[in-house]
Amino acid sequence: MNERVFIEPQPSAETEAFWHAAGEGRFLVKRCTACGKAHWYPRSHCPFCASADTVWEEASGEGVIYSYSVMRRAKPPYVMAYVTLAEGPTMMTNIVDCDPDGLSIGDAVTLRFVTTAEGAALPMFAPKAAAGVVDPAEERP
Amino acid sequence: MCRPMSRPALAYIVGAFEHPTRDAGDKTLAQLQADVALGALADAGLGKDDVDGFFCGPDAPGTGPLSIADYLNLDLRHVDTTNTSGSSYLLHVAHAAQAIAAGKCNVALITLAGRPRTEGRGKGGLVRRDDPNQPDFQWEQPFGMQILNMYGMTAMRHMHLYGTTSEQLAWIKVAASHHAQHNERAYARDVVTVEDVINSPMVADPLHRLDCCVVTDGGGALVVTRPEIARSLKRPLVKVIGTGERPQHQQGGYFEITQSGAAWSGKTAFEQAGVRPADIKYVSLYDSFTITVLLQLEDLGFCAKGEGGRFVMDGNLISGVGRLPFNTDGGGLCNNHPGNRGGMTKIIEAVRQVRGEAHPAVQVANCDLALANGIGGQLGVRHASGTLILERE
Ligand SMILES: [Zn+2]
């Protein structure tokens with residue numbers, strides 16, 4: 001199977017902190033301190049109350065699949081998805097380390113950073129069952 | 001119908017022209033623009049020197065409307081380049097009507113031309129804009145966001161929430177193909193079955209290849225004018241009686257992708273027109289994918305939310321068979337989706353129906369009220385819905 005080639009994210013002054021933290025394995029979301037609501041994608045002004053008092057906070061990395069679609073003819077195929085974060089907002093991402101035919105909307109997923117050719121860490125998600133507990137039966141050769 | 005007689009006439013569509021080509025390797029974009037512009041003006045019985053308002057999208061090459069105005073040597077006093085992707089042209093008709101009512105122009109020309117087949121931009125409908133200034137770029141492009149998977153996710157969630165099936169979506173393509181068989185210019189004229197659709201290759205779950213529109217070169221144009229001029233021409237009178245528009249997006253991360261902007265643009269247009277969905281005799285619905293049609297049927301109020309799958313079954317969208325004939329030219333699914341922008345052809349077929357000039361095999365009897373709707377951009381992430389309600393006078 002071909003190695004997947006990602007478009008590089010190209011961080012901006014507005015988002016540099018996010019990609020820097022991601023490189024260190026920390027997943028950040030933006031929260032507004034004026035209205036208290038987290039939003040996605042991250043931006044400097046709150047999309048709800050328009051306050052500029054938005055701060056980065058480390059997110060739990062937990063979420064559920066909002067919807068997904070398997071890109072069958074991509075080489076290699078990949079699973080495009082929206083995941084609703086425990087913090088509230090729904091973000092565009094991919095589901096990785098999974099059986100694409102075994103996914104369902106509502107499935108619990110957990111964060112899994114995937115690194116691009118140039119070293120950017122993309123926040124993606126894996127099914128919780130597969131990501132956390134490894135079935136000992138499957139460990140045997 | 002029982003409606004107040006005082007409802008003002010907004011404007012009239014007096015010219016409509018669909019370019020006959022589906023593969024325009026031998027023509028430049030400017031030539032296609034000229035072909036459709038002069039075709040629509042000839043249809044209206046007007047000439048290029050009658051035009052004082054010009055409306056186009058970013059498909060027009062060059063600097064906004066200036067390059068084409070220069071090429072055609074138009075003498076203008078009003079221009080508009082509203083861009084909501086494929087739905088732009090529905091908004092252009094609405095904005096032309098507003099400009100005419102405000103006295104800013106008398107004869108508005110609206111054009112579309114594109115060559116995605118020739119230029120090779122058709123395969124997969126790849127959305128890849130390498131502009132990192134686009135605020136969403138870094139949150140979407142690295143993840144492989146494409147038109148196909150945005151519509152795939154929309155369909156997947158509709159199936160999850162409402163139990164919609166692939167067979168139900170397939171009925172939309174089946175109905176379009178029944179119409180396309182009568183259109184000698186249609187890109188795909190073969191009548192297909194539900195089985196043909198669901199047995200075609202899966203491209204982005206749960207959408208199959210035959211759930212997707214065709215990729216064609218070509219274009220179209222419209223002429224919109226004020227009542228006095230419309231009545232002086234020799235064409236059937238097609239009045240624009242209601243318009244609506246609605247951009248819809250991710251709303252800071254709290255959204256429902258199975259709800260399209262048509263819920264808002266439709267409501268605005270129906271209220272302005274003073275008619276109800278049950279009054280509509282024919283609909284042109286944007287059909288980039290089968291799921292696009294399904295959401296518009298629900299969100300425009302032709303059936304309840306979640307009932308779209310049951311509504312489209314058993315040929316209910318086929319002219320002469322079902323309750324709500326749609327896209328009688330074969331639509332974007334079979335006939336033509338010029339420049340990857342289906343809004344123009346939606347309006348043109350609605351005008352044909354209201355004039356009584358559709359193909360006799362698909363012409364809706366006494367079609368005095370029609371609706372055209374466009375969804376530009378992508379369902380599932382960012383799009384704009386534009387609605388027009390047209391009445392024969
Ligand atoms: Zn806020």
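Biologist: How many helices and strands make up the secondary structure of chain B?

Modeller: This is a predicted model, and the radius of gyration of chain B in it is 19 Å, close to the 21 Å that the globule rule gives for 393 residues, so chain B is as compact as a globular protein of that length. Its C-alpha atoms fill a box of roughly 50 × 50 × 40 Å along the principal axes. The secondary structure of chain B comes to 14 helices and 11 strands.

Biologist: What percentage of the residues in chain B is buried?

Modeller: A residue counts as buried when its relative accessible area is under 20%. Chain B exposes about 13600 Å², with carbon and sulfur atoms supplying 50% of that area. Of the 393 residues in chain B, the buried ones make up 64%.

Biologist: What is the geometry of the site of the zinc ion?

Modeller: The zinc ion is coordinated at 2.3 Å by the SG atoms of A:Cys32, A:Cys35, A:Cys46 and A:Cys49, and these donor residues are spaced C-x2-C-x10-C-x2-C in sequence. Four donors count as tetrahedral if all angles lie between 85 and 135 degrees. Because the angles among the four donor atoms of the zinc ion are 102 to 119°, which fall within those limits, the site is tetrahedral.

Biologist: Is A:Cys32 buried or exposed?

Modeller: The limit for a buried residue is a relative accessible area under 20%. A:Cys35, another donor to the zinc ion, has a relative accessible area of 38% and is therefore partly exposed. A:Cys32 has a relative accessibility of 1%, so this residue counts as buried.

Biologist: Where in chain B is B:Pro206 found, the residue whose peptide bond from B:Asp205 is cis?

Modeller: Most peptide bonds are trans. The bond from B:Asp205 to B:Pro206 is cis, with omega near 0°, and chain A has a cis bond joining A:Trp40 and A:Tyr41, with omega about -5°. The place of B:Pro206 is in the loop between β5 (202-204) and β6 (207-208).

Notes
Residues numbered from 1 in each chain as written. Chains lettered and ligands numbered in written order. Predicted model: local features only at pLDDT ≥ 70, side-chain atom pairs only at ≥ 80, totals over all residues. Heavy atoms only, no water. Donors = N, O, S within 2.8 Å, 3.2 Å for Na, K, Ca; no water. Tetrahedral: all angles 85-135°; square planar, octahedral: opposite > 155°, others 65-115°. Buried < 20%, exposed > 50% of the residue type's maximum accessible area, 1.4 Å probe, protein only. Helix = DSSP H or I, 4+ residues; strand = E, 2+ residues; numbered from the N terminus. Rg over C-alpha atoms; globule rule 2.2 N^0.38 Å. Areas by Shrake-Rupley, 256 points an atom, 1.4 Å probe, with all protein chains shown as cover.
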